[in-house]
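Thanks, everyone. Let me put the structure up, and then I'll walk through it piece by piece.

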Amino acid sequence: MPPSTSSSSPCRNDAPSAAADIKPPAVAAASANVQHTGGDASLEQEMTVISDNSGTAASAVPNDIAVESCRLASGQVCICDTCEATRTRMVHRLSGNRKRSRSEVIEALKQPAEEKKTRKEDEETMDKMTKACKTILEAIGEDPDREGLVKTPARWAKALLFMTNGYNLTCRDVTNGAVFSENHDEMVVVRNIDIHSLCEHHMVPFTGRVHIGYIPNGKIVGLSKLARIAEVYARRLQVQERLTRQIADAIVETVEPLGVAVVVECTHFCMVMRGVQKVGASTTTSSVRGIFESNPKTRAEFFSIIHGNSIRMC
């Protein structure tokens with residue numbers, strides 16, 4: 001008897017495969033939504049859409065944990081580590097795609113233009129100063145093109161811009177909001193602050209130290225800011241008398257104290273390297289405001305402290 005042939009009807013083993021291709025309505029809708037919105041591949045790998053048998057809306061559950069261990073499948077809010085991480089990633093993606101406002105766009109466009117303008121101005125300034133320095137070198141009988149002087153004009157220009165960068169700063173810039181409310185009404189003194197400036201008459205240095213004292217009136221300023229305030233006015237072409245007064249006025253404006261006292265002690269190289277050439281000469285100037293000006297005892301206490309007659313720490 002010839003062997004029987006198989007019928008053309010589909011095999012029973014194929015039925016489950018065909019049934020597997022039929023998705024529940026919630027799953028099909030969610031899958032279509034992901035494809036329609038152009039969800040990236042990484043998001044599809046991280047998230048799996050699962051629906052219960054009751055036909056309720058599908059819930060998004062991370063595919064790296066079992067459904068039984070996550071409350072999200074039962075319609076509850078899940079706070080497991082994996083769900084929290086998934087939510088965080090989705091929030092970051094949404095925030096990264098936020099459109100900038102018109103004002104933000106305009107500000108972003110202005111910044112490169114301002115930086116470009118600043119760089120151009122700096123280049124023009126450096127070019128003017130290097131050319132001027134070459135002219136000075138030629139005027140004193142030097143050769144600007146010899147090996148030791150080829151880069152001198154550029155070095156001199158950079159150095160002079162650094163020594164006069166106080167013109168580009170204000171007290172508000174250097175204090176940076178470091179003014180605090182404090183119920184302290186006793187004297188605050190910072191002594192022996194190094195100071196370096198350029199004499200405006202000869203453009204040669206004068207160097208020394210400054211002592212600053214003030215009595216707060218409900219506000220104090222960071223101690224380092226006192227030194228920075230002094231630096232703002234020292235990094236300019238100066239005379240010592242004006243420098244002392246400017247430091248005192250700046251502290252009054254910054255913290256509105258009961259009083260301010262400033263003493264500057266410097267050696268001027270215009271008296272050492274030229275003119276009278278007196279190496280040991282030094283100049284002391286002072287400026288007092290408020291209670292330091294009206295109360296001799298308070299003023300005497302300040303001078304006693306800066307001259308070293310105060311209590312010394314071990």
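Start with helix α6, residues 152–163. It has 12 residues and reaches 16 Å from its first C-alpha to its last. That is close to the 16 Å expected at 1.5 Å a residue, where the expected span is 1.5 Å times one less than the number of residues. Helices here are DSSP runs of H or I, at least four residues, and strands are runs of E, at least two, numbered from the N terminus.

A word on the source. This is a predicted model: local features need pLDDT of at least 70, side-chain atom pairs count only at pLDDT 80 or more, and totals for chains, interfaces and linings use all residues. Residues are numbered from 1 along each chain as its sequence is written, and side-chain values use heavy atoms, with hydrogens and water left out.

Back to α6. Which residues are buried there? P153, A157 and L160. Buried means under 20% relative accessible area, exposed means over 50%, and partly exposed is in between, with a 1.4 Å probe and protein chains only. These three cover an arc of only 70 degrees around the axis, so they sit on the same side of α6. The arc is taken from the directions from the helix axis to the C-beta atoms. R155 and K158 are exposed on the other side.

Now the interior. In soluble globular proteins, nonpolar side chains tend to be buried together. A nonpolar core here is a set of buried Ala, Val, Leu, Ile, Met, Phe, Trp, Tyr and Cys residues joined through side-chain atoms within 4.5 Å. The largest has 29 residues. V210, I212, I247, I251 and V262 touch the most other members. At least two residues each come from α7 (171–175), β4 (188–199), β5 (205–215), α8 (223–234), α9 and β8. Take I212. Leaving out residues up to four places away in sequence, its contacts include V188, L226, I247, V262 and F302. Contact means heavy atoms within 4.5 Å. Another core, of seven residues, lies apart from the largest one, and M187, V263, F292 and I306 are among its members.

H211 is in strand β5. Buried or exposed? Buried, because its relative accessible area is 1%. The H211 side chain reaches the backbone nitrogen of N192 at 3.1 Å. Beyond four places in sequence, H211 is in contact with residues including V190, A261, V263, E265 and I306.

T86, in helix α4 (residues 81–96), is buried too, at 4% relative accessibility. A polar atom of its side chain lies 2.9 Å from the backbone oxygen of T82.

Last, charges. How many salt bridges does the structure hold? Seven. The cut-off is a side-chain nitrogen of Lys or Arg within 4 Å of a carboxyl oxygen of Asp or Glu. Here are three of them.

K131 pairs with D127, the closest N and O atoms being 3.3 Å apart. The two are four residues apart in helix α5 (residues 102–139), so about one helical turn separates them. D127 is partly exposed, at 38%.

K219 meets E256 at 3.8 Å, N to O. This pair links distant parts of the chain: K219 is in strand β6 (residues 219–221), and E256 is in the loop between α9 (240–255) and β8 (259–268), 37 residues apart.

R289 pairs with D249 at 3.0 Å between the closest N and O atoms. R289 is in strand β9 (residues 283–290) and D249 in helix α9, 40 residues apart. Both are partly exposed: R289 at 22%, D249 at 34%.

Technical notes
A polar contact is a pair of N or O atoms within 3.5 Å; within protein, one must be able to donate a hydrogen and the other to accept it, and residues adjacent in sequence count only if both atoms are side-chain atoms.
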